[in-house]
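I opened my notebook to look up salt bridges and nonpolar cores. Here is what I wrote down.

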Amino acid sequence: RPGAIAAMSKNDKILGHREPSPINDRTMTEPISSTSDDAFAIPTGGTAVPGPAELATETEQNAGITVETENTSDHLPDAVDAEGSLVTLAEAEAEALLKEPDILRVMSDDLAACGLVGEEQLAQALGLVCISAKTKEPLHAVVHGPSSTGKSFTVKKVLSLVPEGAQETLTGLTEQALVYNNGNLDGKVLFIEEAFGAAKAEEQLRILQSERGLSRLVSGFNENGRAAIRVSADAAVATITTTTRARIHEENETRALRLVSDSSSEQTARVNAGTARRRTTSGSDSPDLDRIRRKWHLAYQDLDGIPVVIPHEVLLARTFPTHEPRCRRAYEQFIGLIRAVTLLHQRSRERVQHQGEDHLVATTGDVQRAYGLAERFLLPEREDPPAWRRVLTVLRAKGPLTRRHLEAELDI
């Protein structure tokens with residue numbers, strides 16, 4: 001137990017040492033602290049009697065032992081949930097986060113506290129890509145931008161909110177590396193720091209993105225001698241990479257959201273001001289970054305990969321741009337963004353039975369949020385607003401409507 005020596009003194013037994021309070025199973029991988037007091041209360045007018053921690057310290061000093069006591073206050077039970085169970089402070093904060101009406105706004109605020117300047121939409125889009133890793137059809141993203149625009153910095157800040165066990169960061173891939181991953185990437189976020197580092201594996205990467213699995217016949221040996229051996233790896237993995245090139249291989253780019261970093265002079269001024277501010281801020285004014293990350297890690301782990309049903313999706317499909325073939329994949333990516341927004345807010349979304357399975361119901365707000373990101377990163381610029389944008393305008397103005405009413409409003 002932190003703060004106590006292995007051999008307890010007899011005085012601990014006399015004073016009635018208290019055992020640690022039960023901790024939720026989720027925290028068992030973290031250090032668990034004792035709830036013993038520094039001193040026990042005695043009748044008024046007396047003198048405080050040293051508690052076990054003080055006695056242990058005195059015994060250690062007499063024995064010439066120096067022990068550093070770890071600060072484990074963050075792991076102490078700090079709240080009681082609806083069932084009356086003790087939960088840690090981090091768990092309570094994670095649960096409160098998942099009940100927020102606009103979690104993406106909280107994400108932006110927390111990333112700003114962690115040192116990210118600007119790039120709110122870019123960070124939110126990357127956050128949704130990470131959330132999509134929990135689904136059967138994860139999203140993919142390529143972040144474009146000139147050198148020094150903070151592409152990798154932004155990605156790493158977003159990934160700091162994802163548990164280490166749910167992500168993999170690589171600087172490069174060999175040609176067949178993905179085939180031999182043995183499914184270790186399934187359900188994870190794969191970040192390749194530079195697209196050039198995966199140049200040899202481009203073909204395998206795009207097959208993995210589309211088919212969510214790879215298979216290959218290789219030459220090997222079995223009990224009968226040389227033989228063709230099938231090697232396969234199934235993995236629904238969300239991928240993120242960065243590049244300074246304006247374009248990457250067309251077949252790879254259409255499979256991913258094309259995210260662009262802010263290279264404006266205004267953003268450069270904001271970044272420089274943020275750097276100066278961090279250097280002049282005292283330590284006491286700095287946010288508790290570990291606490292922020294721990295909250296997000298627990299929240300991420302608590303999210304379930306529940307399927308999402310989108311009301312009026314047929315209407316969205318009918319009004320989505322169709323002027324070029326890549327709009328087919330763009331539509332799937334748009335729907336993927338909506339699903340990720342709904343999944344992130346699953347604590348406050350309606351659930352229905354659809355085809356015998358529990359589904360979340362996307363709201364108009366989820367569609368609007370996805371549209372805001374798609375307008376910048378997904379769809380080509382057009383002079384006249386496409387019909388699908390009018391759908392959102394009607395939804396905002398009229399609220400929930402039936403498909404027949406929407407068709408009448410839009411005259412389609």
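**Salt bridges and cores**

I started with Glu95, which is partly exposed at a relative accessible area of 25% (buried is under 20%, exposed over 50%, partly exposed in between, with a 1.4 Å probe and protein chains only).

Before going on, I noted that this is a predicted model, where local features need pLDDT of at least 70, side-chain atom pairs count only at pLDDT 80 or more, and totals for chains, interfaces and linings use all residues. Residues are numbered from 1 along each chain as its sequence is written, and side-chain values use heavy atoms, leaving out hydrogens and water.

Next I looked up the partner of Glu95: Arg347 forms a salt bridge with it, the closest N and O atoms being 3.1 Å apart (a side-chain nitrogen of Lys or Arg within 4 Å of a carboxyl oxygen of Asp or Glu). Arg347 lies in the loop between helix 12 and strand 13 (351-354) and Glu95 in helix 3 (residues 89-98), so the pair ties together parts 252 residues apart in sequence. For elements I used DSSP runs numbered from the N terminus: helices are H or I, at least four residues, and strands E, at least two. Glu95, Lys99 and Arg347 are linked in a salt-bridge network.

I then checked Asp110 and Lys295, which form a salt bridge at 2.8 Å between the closest N and O atoms. Both of these residues are buried.

Last, I turned to the largest nonpolar core, which has 68 residues (buried Ala, Val, Leu, Ile, Met, Phe, Trp, Tyr and Cys joined through side-chain atoms within 4.5 Å). Helix 12 (residues 327-344) gives the most to this core, with eleven residues.
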